[in-house]
Amino acid sequence: MQSTQRIGLIGAGLMGHGIARNILKADYPLVILDHPGNQPVDDLLSAGGKLAGTPREVAERSDVVILCVTGTPQVESVLFEADGVVEGIRPETLVIDCSTAIPNVTRAIAERIVAAGGRFMDAAMTRTPKEAEEGRLNLIVGAPEALFTATQPLLGSFAENIAHAGDVSAGHTLKLLHNFVSLGFSAVLAEAAAASRRAGIEDGALLEVLGKGGGGGVVFERMRPFIETGDPSGFRFSVANATKDLGYYHAMTDALGAQRDVAEAVVGLYRSIDQQDLLVPELIDVLADKLS
């Protein structure tokens, strides 16, 4: 039986396409912003999805608007520029921001949405486009307890693990902490793999020792296929996105007055890569070339 709760999605890209697919599978009515940054949406339209021409129109046709865009500037743009979401929301319209964003700006955005009569929560994502298509994302949610509870059926349609981090902006805060750890380990592993090759160590020996020792884990397994066969698809996250997220982490630590000596080195490595469109595992080849 189709839900009466109408869902709007802005950002049907690598992650958003999978979110849309699973929302439709759960039988929610869905309207998607027509945008050149979308992945092909023919399958979504065949499954019952509809298109809207502007963020305002998405909001006018939705009870819940999910944002799956790159970061804080894009969130502010789709919400507040001409024909933005805020022009189309009605009382109690819920905006769910699944992007990676700067927490103090998220709090300011939430205040503007509430002032316009709507509601707001952040639900930052982890995992990859593969899990997005499978409906197995991880979500880190910042919202009041009652709102978190009320949104479980919708969030559960496209997420496997849903963590309540705290009030609004806590989801974005914890996501930046998560990404710093993940991208920091990726940088450490890339440097180690490049140095290992320079030393003449076989890749298999490196993988065996790290995998059975202190280097094992989720990020290690995502980087492993590139070390073994040169396949970067296990970690489909660009150097540009890593640089952006680590920049957000710096903005957050500035606001918190938190220590970030290691983070300075990590972001410096990502910023030093000329080809920002590379995927994170491809750092290994770049660093190996720099060492040779």
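The buried residues of helix H4 are covered by several elements, including strand E1 (7-10), helix H3 (55-60), strand E4 (64-67), strand E5 (94-97), helix H5 (103-115) and helix H12 (239-256). This is a predicted model, in which local features need pLDDT of at least 70 and side-chain atom pairs count only at pLDDT 80 or more, while totals for chains, interfaces and linings use all residues. Residues are numbered from 1 along each chain as its sequence is written, and side-chain values use heavy atoms, with hydrogens and water left out. Helices (H or I, at least four residues) and strands (E, at least two) are DSSP runs, numbered from the N terminus.

In H4 (residues 72-80), Thr 72, Val 75, Val 78, Leu 79 and Phe 80 are buried, that is, under 20% relative accessible area, with exposed meaning over 50% and partly exposed in between (1.4 Å probe, protein chains only). The axes of H4 and H5 lie 11 Å apart, at an angle of about 10 degrees. The two helices are therefore roughly parallel to each other (angles under 35 degrees). Thr 72, Val 75, Glu 76, Leu 79 and Phe 80 of H4 meet Val 105, Ile 109, Arg 112 and Ile 113 of H5, where contact means heavy atoms within 4.5 Å.

Helix H13 (residues 261-271) has Ala 263, Val 266, Val 267, Leu 269 and Tyr 270 as its buried residues. Seen down the axis of H13, these fall within an arc of 155 degrees, so they line one face of the helix (the arc is that of the directions from the helix axis to the C-beta atoms). Asp 261, Ala 265 and Arg 271 are exposed on the other side of H13.

Technical notes. Axes fitted to C-alpha atoms, helices over the stretch in contact; angles between N-to-C directions. Parallel < 35°, antiparallel > 145°, perpendicular 65-115°, else oblique.
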